[in-house]
Amino acid sequence: MKLLTHILGLCLALALTNGLEMDAVAVNELGIPYFFKGDHLFKGFHGKAELSNESFTELDDHHHLGHVDAAFCMHYEDNTADHDHMFFFLDTKVFSYYQHKLEDGYPKDISEVFPGIPDHLDAAVECPKPECDEDSVIFFKGDDIFHYNVRTKAVDKKEFKSMPNCTSAFRFMEHYYCFHGHMFSKFDPKTGDVHGKYPKEARDYFMRCSKFSDDSDHVERERCSRVHLDAVTSDNAGNIYAFRGHHFLRKDEGSDTLKADTIESAFKELHSEVDTVFSYDGHLYMIKDEQLYVYKVGEPHTHLDGYPKPVKEELGIEGHIDAAFMCEHGAGAHIAHFIKGEHIYDVDMKASPRVPTNERRISLFKKVDAAMCGPGGLKVIVGNHYYHFDSVMLFVAGRALPEQHRVSLELFGCDH
């Protein structure tokens, strides 16, 4: 599919290509989803396409790569021989990779490595115990579904009557998703039961898109999206603002009701896609590229005259900022914290000129997507999860990760 050579990302491919479906989806050993289409690979939920053989060279050495039939990551610690190996299925062959290197002796016939499993598969997904009765792999071919026992190599052929035929499948955040065309359904790996309002548009939940289907529920999509947040903050009143791509969610203090809208509608000078946002003294400070926009919180939000201004001029910081937050309580209520890569800086918002000080290294994360602070402490968002710290000091000094929380479920109350 030559069009995919030129696209900038998975979202654009979905928007331009009517009825596009993925050939295979797999989550690597670090939890990053890999989407395969033709001879291209998309890493994560948005970003540029790359040729699959750039990451998995030997796929072309042994087989002209026009597609990948199915893929999964064998993430079973008891299975020491294959733990954290990625398996790719192409026609009659299977490839096994460990840390992006092809294992000795591969490719092999599918029947040799997974006896009882047919060639020319449609999809495959790992299923650890107790989500399946035993550590298993579920294989899909047409109407046929095979549960492969990793330990005994026994094959149990099942019939999932309520499921559509899967063109790809993957396990993500302990849930199972069957993709069929550009739609998806969440299913029970033991029974194949599909509960809830499915199918849904894949581009509404798994890809970062500016345009969505006409019948999209914007609130549900944004609260349940698996794409990471660009920025999040809470104002003095405790209202939460969360930004992702062209849209943002608002959750008012004391209310469980979420509102979703386009960034363009509420912050028209920004248009879309902010880098980071923090709240200070009744204002939202919004950074996009090298520019700082400031809005007075209200209905509607008021863009201050004279902005945008260069971030370097207003905050003394150069280069891309990953996250920013303020804890507007206690002795440091006027200190803004900025995260760039593995470092954090402080800026006194009352100072003139403002300059970054107190540079410290963050040990727990290589990259932070967003962060916000309130009376209850600091929430640091990385990917689809957030981590709670009682203070900035404990976040910086931490050497062990605290409990992991799901953004969609625990921050926004998504039920699936």
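Modeller: Start with Glu222 and Arg244. Both residues are buried. The model is predicted, and that applies to everything below. The side chains of Glu222 and Arg244 meet in a salt bridge, with N and O 2.8 Å apart. Glu222 sits in helix H6 (residues 218-224) and Arg244 in strand E19 (residues 240-244), so the bridge ties together parts 22 residues apart in sequence.

Now look at the space beside the pair. Arg244 also lines the second largest cavity. That cavity holds about 60 Å³ of space. Its lining includes Arg223, Ser225, Arg226, Val227, His228 and Leu229. Met173 belongs to the lining too, as do Gly383, Asn384, Val407 and Ser408. By class, the cavity lining divides into 4 nonpolar, 5 polar and 3 charged residues. Across the structure there are 4 cavities of 30 Å³ or more.

Next, the second largest pocket. Its volume is about 420 Å³. It is lined by 20 residues, and the closest to its centre are Ser234, Gly238, Cys373, Gly374 and Pro375. Strands E31 (370-374) and E32 (377-382) each supply at least two lining residues. E31 gives the largest share, 3 residues. The pocket lining counts 6 nonpolar, 8 polar and 6 charged residues.

Back to salt bridges. The search of the whole structure finds 15 of them. Take Asp346 and Arg360 for comparison. Their closest N and O atoms are 2.5 Å apart. The partners come from distant parts of the chain: Asp346 from strand E29 (residues 343-348) and Arg360 from strand E30 (residues 356-361), 14 residues apart. Burial needs a relative accessible area under 20%. Asp346 has 10%, so it counts as buried. Arg360 has 22%, so it counts as partly exposed.

Another pair is Lys190 and Asp133. Their side chains form a salt bridge at 3.6 Å, N to O. This pair also links distant parts of the chain, 57 residues apart. Lys190 is in the loop between strand E16 (183-186) and strand E17 (200-201). Asp133 is in the loop between strand E10 (123-127) and strand E11 (136-141). Exposed means over 50%. Asp133 reaches 59%, so it counts as exposed. Lys190, at 36%, is partly exposed.

Salt bridges also join up elsewhere. Arg250, Asp252 and Glu299 are linked in a network of them.

Last, confidence. The mean pLDDT of the chain is 82, and 82% of its residues reach 70 or more. Over residues 1-19 the pLDDT is below 50. Beyond near neighbours in sequence, that stretch has 34 contacts in the model.

Notes
Residues numbered from 1 in each chain as written. Predicted model: local features only at pLDDT ≥ 70, side-chain atom pairs only at ≥ 80, totals over all residues. Heavy atoms only, no water. 1 Å grid on protein atoms, 1.4 Å probe; cavity = no way out; pocket = protein on both sides within 12 Å on 5 of 7 lines; lining within 4 Å. Points joined across faces, edges and corners; volume = space filled by probe spheres on them. Helix = DSSP H or I, 4+ residues; strand = E, 2+ residues; numbered from the N terminus. Nonpolar A, V, L, I, M, F, W, Y, C, P; charged D, E, K, R; others polar. Salt bridge = Lys/Arg side-chain N within 4 Å of Asp/Glu carboxyl O. Buried < 20%, exposed > 50% of the residue type's maximum accessible area, 1.4 Å probe, protein only. pLDDT = per-residue confidence, 0-100. Contact = heavy atoms within 4.5 Å.
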